[in-house]
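User: I'm new to this one and would like to learn how to read it. Could you walk me through a few features?

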There are 2 protein chains.
Amino acid sequence: MRYAPLTQAIQGETVDAWDIHFKATSLKEKDDSVIVLSIGDPDFDTPSQVVDSAVAGLRNGDTHYVEIEGRDELREVIAASHQSRCGQEVSKDNVIMLAGAQNALFASSMCILAPGDEAIVLQPMYVTYEACIQLTGATLVPVAMDKHNDFCLDYAALENAITDKTKAIYFATPNNPSGLMLTQNELQFIADLAIKHDLWVVSDEVYSQTVFEGEHISIAGLPNMAERTITLNSLSKSHAMTGWRVGWAIGPTTLINHLSNLSLCMLYGLPGFVQQAAYTALTDPQALASSEHMRVTYQRRRDRLVSCFQQHQNLSCITPQASMFLLVNVSETGLTAQAFAESLFEQQKIGVLPATAFGECAADFIRISYVVEDSELEDACERIDRFMALLNANKQRA
Amino acid sequence: MRYAPLTQAIQGETVDAWDIHFKATSLKEKDDSVIVLSIGDPDFDTPSQVVDSAVAGLRNGDTHYVEIEGRDELREVIAASHQSRCGQEVSKDNVIMLAGAQNALFASSMCILAPGDEAIVLQPMYVTYEACIQLTGATLVPVAMDKHNDFCLDYAALENAITDKTKAIYFATPNNPSGLMLTQNELQFIADLAIKHDLWVVSDEVYSQTVFEGEHISIAGLPNMAERTITLNSLSKSHAMTGWRVGWAIGPTTLINHLSNLSLCMLYGLPGFVQQAAYTALTDPQALASSEHMRVTYQRRRDRLVSCFQQHQNLSCITPQASMFLLVNVSETGLTAQAFAESLFEQQKIGVLPATAFGECAADFIRISYVVEDSELEDACERIDRFMALLNANKQRA
């Protein structure tokens with residue numbers, strides 16, 4: 001049968017990177033000593049107040065069609081929160097609820113990109129950006145952050161990547177996999193370019209509620225950026241709600257209207273009981289306290305892992321400012337990231353991801369998620385120590 | 001800002017038809033005597049066993065990422081049910097869970113249609129088909145059912161509509177808005193054409209569990225059709241689960257793989273607790289009994305409405321074999337469908353839809369949903385009688 005060319009555009013080649021993750025989760029079912037540090041799914045439960053809210057909605061029959069763009073009260077809370085954090089003046093009419101930030105990334109790309117367009121994405125980048133951009137017929141133009149300089153923005157590389165076909169600049173801040181945030185200067189540079197060349201900016205901020213140090217800045221709040229910025233966010237990470245599929249896009253009202261038309265034929269709205277839960281997540285003091293507890297816990301785990309990696313001379317770890325990930329450069333061990341990850345799994349039963357899938361500039365790195373409890377993380381650190389000791393011993397013998 | 005041309009393709013012009021519906025639902029909030037017969041949202045609650053199952057999933061922490069294509073046990077049940085109903089041999093690998101049949105229609109269209117393609121749709125058709133097809137860059141080629149012959153297939157019109165650009169034939173059986181089903185002969189004719197011209201067939205069967213008379217036939221079960229048929233279905237109508245957004249596509253494994261790639265970047269899976277609920281809906285005897293109770297109730301309501309309309313000489317009602325809708329031809333009243341619907345709302349506070357939005361061949365008709373309780377339906381019938389009496393009296397005076 002004849003398929004649309006689009007089906008080729010969504011066949012990512014980065015799937016191999018997940019092999020070790022799949023092996024690890026599969027073995028974990030039989031062998032509890034396996035430690036899975038290869039996925040961005042929080043180990044926390046969704047806060048009970050949020051669950052209670054969904055249950056109440058279900059019990060009260062909130063199971064019928066809802067407004068396509070989401071309920072007013074939920075969009076108002078999101079708008080107010082966004083405005084207070086970044087200063088962009090927005091109302092509910094600048095917000096649409098979608099089935100997770102992933103769905104918002106997909107839908108936003110469909111509304112702004114077309115065949116012949118180029119979309120710049122700062123790398124390292126999350127793996128699904130490729131499909132979301134390519135399925136529109138646009139070309140993804142990767143611009144690598146400077147891996148020799150703690151993944152700072154390569155100003156010249158970004159400026160040089162802009163052509164008369166460029167339609168948008170995409171990035172995630174905080175970044176997955178690096179956990180780093182773009183600075184005020186970096187964002188202003190991007191904003192100036194976007195204004196000068198009349199570009200969209202798509203700012204993926206799903207880790208913005210999980211910040212340990214530094215200030216998270218939304219580019220939408222910079223002068224003259226509101227009209228050209230699409231801010232994506234969700235509850236997946238902040239409230240351990242990955243499986244709920246609830247996120248949103250914030251942007252100019254014309255965009256929101258287009259997204260609403262798209263959602264009408266793509267999704268037909270989010271479940272009402274899920275929206276009730278989302279409202280609780282964003283407003284209930286205890287739910288917010290749970291979210292804050294998660295943030296503090298991630299920070300403690302990050303500190304433990306960073307101190308672990310800092311002990312090993314031939315590993316260099318970039319201390320993440322946010323998120324639930326960190327990158328470790330393994331190139332000085334003499335192993336590729338893939339080989340390092342495979343050996344670590346085979347010898348110590350720890351699953352991590354070679355970061356190759358996130359872009360060439362991350363090829364020397366492995367990505368480690370800290371989504372296990374303290375005791376298991378402690379165990380992981382000890383195994384990593386043993387792994388490195390053995391690796392160095394073998395190296396000296398060789 | 002510059003938007004993708006796709007945004008034009010999804011700006012349906014059929015939105016006006018919903019004006020009366022929006023007016024009716026808005027007035028209903030203030031005035032309980034308004035009767036809303038303009039939407040396809042069941043008045044039933046989701047069966048309690050299904051709700052209980054979602055609640056259990058939520059309470060047990062089934063709130064994390066799930067398999068993109070849906071859980072094996074759920075897809076197995078759907079495959080088995082489909083196979084037993086239509087004879088097509090399928091396994092879970094032929095099934096993918098998506099966020100409602102609407103999402104499945106959208107995603108399937110993206111995987112099979114491309115710019116330059118033509119997609120034939122039998123009319124009357126549900127309004128979102130237009131956007132789903134057009135957003136791929138393909139052209140929608142409507143083929144009207146024969147409105148002079150109870151909306152039977154116009155064999156010659158269908159055959160004549162096929163060109164060397166035709167890629168697919170879409171239809172819904174049972175149909176929304178007519179509630180009619182395609183016959184064995186009609187489906188075999190479509191199948192022969194599809195095989196001869198190497199076409200996809202997209203069969204939307206969301207009302208296949210709400211059949212009152214006649215046999216529902218899935219075209220996928222006809223010889224040599226499995227490889228080229230995409231069957232769409234959901235729990236929205238059969239189990240009063242419109243707001244849950246749970247549906248699926250059944251098709252060849254290559255298609256399912258493409259849909260899985262698409263879902264990875266579009267949706268990232270359906271909530272686990274929703275999938276648990278769906279499994280219960282399809283397997284729990286009491287949930288199935290509730291679904292059957294709904295079917296019987298819709299049939300009773302249909303009978304009441306048909307008998308109402310049959311009493312009026314200048315109204316002709318097509319008795320639906322299935323669904324929760326019926327079409328009434330109002331042309332002999334001398335009013336357009338829009339004018340009839342507006343007058344009925346203004347004079348009797350009953351909201352119905354002019355069926356114009358469903359295609360030119362339905363322009364003489366209004367669509368009535370029977371999603372209100374017996375007493376309210378009785379009231380509606382009496383108001384329609386009064387409305388017709390007044391209309392005829394005014395006509396005689398004129």
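User: How do E12(A) and strand E13 (residues 365–369) of chain A pair, and over how many bridges?

Analyst: Strands pair if DSSP finds at least two bridges between them. Helices (H or I, at least four residues) and strands (E, at least two) are themselves DSSP runs, numbered from the N terminus. Here E12(A) and E13(A) run antiparallel, with two bridges. Leu353(A) has Arg367(A) in E13(A) as its bridge partner. This is a predicted model, where local features need pLDDT of at least 70, side-chain atom pairs count only at pLDDT 80 or more, and totals for chains, interfaces and linings use all residues. Residues are numbered from 1 along each chain as its sequence is written, while chains are lettered from A and ligands numbered from 1 in the order in which they are written.

User: Which strands form the open sheet, and in what order?

Analyst: In chain A the order is E9-E10-E13-E12, four strands with antiparallel pairing. Strands E9 (316–318) and E12 (353–354) of chain A each have a single partner strand, so one side of each lacks a neighbour in the sheet.

User: What does E3(B) pair with, and in which sense?

Analyst: Strand E3 of chain B pairs with strand E4 (residues 139–144) of chain B in the parallel sense, over six bridges. Within that pair, Ile120(B) sits opposite Val141(B) of E4(B). We call a residue buried if 20 or more other C-beta atoms lie within 10 Å of its own, exposed if 12 or fewer, and partly exposed in between, with C-beta atoms placed from the backbone. E3 (residues 118–123) of chain B is largely enclosed by the rest of the structure, because five of its six residues are buried.

User: How many residues of H5(A) are buried?

Analyst: For H5(A), it's 13 of 13, so to speak a mostly covered helix.
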